[in-house]
Amino acid sequence: MALVKCQSLNEIPMTATNHMDTSVQHVDIAIVGGAMAGATLALALARLSLSAARPLSIALIEAHLPDKQHPGFDARSIAIAHGSIFELSRLGLWPKLAHLGTAIENIHVSDRGHFGMTELNAAQFHLDALGQVVELERVGQVLFNELNKSEVKLYCPAKLAQVEPAVEGHTLVLDTGKRLKAKLVVAADGLQSKVRSSFDLPVTQVAFEQTAIIANIQTDKPHQHLAYERFTQTGPLALLPMADSQGKPRLSLVWALDDARAKQMQTAPKAEFLAALQQAFGYRAGTFIDVSARHAYPLNLSYMPRPIHHRCVFIGNAAQTLHPIAGQGFNLGLRDVVSLLEVLKTALDQGDDIGSAAVTHAYLNAREHDRNSTIRNIEFLVRGFSNQYWPMALGRNLGLRLLSWFPPLKTPVAQKAMGWK
């Protein structure tokens, strides 16, 4: 696929003396951050604007071109849950992305060194797949192609330099010199949110003292659309089915290790790394024969107690960054997007100010239960499945076995895995 180059739809006029234009452009909504959550929201808002009671002017500010250096569209793969695919389809986006997906038909969950294991099967729930695995780099290319064809005013590459707060709308000053005044600012700019720091808003952080090694693994047998979640003494080890590369079966790896071990594994010779991974996981997925470039990501839980501010809402990783233990990061972020769209549609239908306190608080209320329960469940899983204290190990293994012995118990677990609220 050809590399998409972002185009700024509003180039900065330069004079002969190289002075930048300091005029302010007014927009209804300015989205800061154009990775998965921000780009998805921008495209969904552009679609909403076509049928809304009044059209919206939408700006998207993104610091990076959508290439291999983009931190949000890098070498990682993510699992898009069934519920998220339903929402993306409703927003008109999944048909653009479907060709990139590799189906997850079964999920095998096990606890290394213990008797606990269970399996979730799509067929049990009368579905073709529990979710789809996509490569972020390729998704970024598609989303930015769509953005360049849309009515969204795209500023890329451009960084947010400063926020000038005001009662009636914030002015965003870009490093290009462009100034945008927005009735509503949506922060989708990730864990180190510039918008959040500009308003000096609190964030709660929990350090798990783990680092994830991310890589693509080549195997000697087809994956048969089976995903694995294996809990080890150092943390969870996940393998997701991917599209073959040059006829070779591949799995996407997320391997949580303590920080020192992760540093060692990131730079270990390929044979040593594959041997260590094989020992940790076993041979259920076949023999691991090759590994791509390895990347390391510190694993923490970070979330805003209140992901709103005056004329500002926070979505995706800017609002909460999760441990990847259950693969719910983007799925939770997409539910942020969907909730915000519903709130904004209501405001537009009623002729309300889309940046008003009523709108931001409606978003806060819509997200509270889902966010809080997901964050609690993730923290419980990380601590519960990384703990080798024998009563804890016995309890979790009995739980896994009960899921296998009594299939009806799988329904709420599967609903969570599939991203249904």
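Visitor: Why is L299 called buried?

Guide: The model is a predicted one. In it, L299 has a relative accessible area of 6%. The cut-off for a buried residue is under 20%, so L299 counts as buried.

Visitor: Where is the place of L299, and which residues does L299 touch?

Guide: L299 belongs to strand β17 (residues 295-303). Leaving aside residues up to four places away in sequence, L299 touches F208, E209, Q210, T211, A212, A256, H323 and P324. A contact requires heavy atoms within 4.5 Å. As for V206, its C-alpha atom is separated from that of L299 by 9.2 Å, although the two residues are 93 apart along the chain.

Visitor: How many of the residues of the chain count as buried?

Guide: Of the 421 residues, 54% count as buried. The secondary structure of the chain comes to 11 helices and 20 strands. Among contacts between residues at least 6 apart in sequence, 74% join residues at least 24 apart.

Visitor: What makes strand β11 mostly covered?

Guide: Strand β11 (residues 179-187) has nine residues, and eight of them are buried.

Visitor: How do you know in which sense, parallel or antiparallel, strand β1 and β11 run?

Guide: Eight bridges join strand β1 (residues 24-32) to β11, and the two run parallel. At least two bridges are needed for two strands to pair, so β1 and β11 meet the condition with eight. V27 stands opposite A182 in β11.

Visitor: With which sense, parallel or antiparallel, does β11 pair with strand β10, and with which sense does β11 pair with strand β19?

Guide: Strand β10 (residues 170-174) pairs with β11 in the antiparallel sense over four bridges, and V173 stands opposite R179. The hairpin of β10 and β11 has four residues between the strands, and G177 takes a positive phi near 100° there. Strand β19 (residues 312-314) pairs with β11 in the parallel sense over three bridges, with A187 opposite F314.

Visitor: Why is the aromatic pair of F73 and F144 called edge-to-face?

Guide: A search of the whole structure finds four aromatic pairs. In the pair of F73 and F144, the ring centres are 6.1 Å apart and the planes make 85°. The centres must lie within 6.5 Å and the angle must be over 60 degrees; the pair therefore counts as edge-to-face. F73 lies in the loop between β2 (58-61) and β3 (77-81), and F144 in helix α4 (residues 136-149), so the pair ties together parts that are 71 residues apart in sequence. Both F73 and F144 are buried.

Visitor: Why is the pair of F281 and F288 called tilted?

Guide: The centres of F281 and F288 are 6.0 Å apart, with 45° between the planes.

Visitor: What makes R76 count as lying over the face of Y297?

Guide: R76 is at 5.1 Å from the ring centre of Y297. The distance limit is 6 Å, and the charge must also be within 35 degrees of the ring normal. R294 lies over the face of F273, at 4.7 Å from the ring centre.

Visitor: What makes the sheet of β3, β7 and β4 open, and which strands stand at the edges?

Guide: The three strands come in the order β3-β7-β4, with antiparallel pairing. β3 and β4 (102-104) stand at the edges, each with a single partner strand, so one side of each is left without a neighbour in the sheet. The twist averages 30° from one strand to the next. Three bridges join β4 to strand β7 (residues 131-135), and T102 stands opposite V133 in β7. Helix α2 (residues 82-90) packs on the sheet, touching β3 and β7, and its direction makes about 80° with that of β3.

Visitor: Which residues have the most contacts inside the largest nonpolar core?

Guide: They are I29, I31, L41, L45, L147, V186 and I315, in a core of 56 residues. One of them, L45, touches I29, I31, L56, I58, L341 and L344, not counting residues up to four places away in sequence. In soluble globular proteins, nonpolar side chains tend to be buried together.

How values were computed. Residues are numbered from 1 along each chain as its sequence is written. This is a predicted model: local features need pLDDT of at least 70, side-chain atom pairs count only at pLDDT 80 or more; totals for chains, interfaces and linings use all residues. Side-chain values use heavy atoms; hydrogens and water are left out. Rings of Phe, Tyr and Trp (its six-membered ring) pair if their centres lie within 6.5 Å; planes under 30 degrees apart count as stacked, over 60 as edge-to-face and the rest as tilted. Buried means under 20% relative accessible area, exposed over 50%, partly exposed in between (1.4 Å probe, protein chains only). Axes are lines fitted to C-alpha atoms, for helices over the stretch in contact, and angles run from 0 to 180 degrees between N-to-C directions. A nonpolar core is a set of buried Ala, Val, Leu, Ile, Met, Phe, Trp, Tyr and Cys residues joined through side-chain atoms within 4.5 Å.
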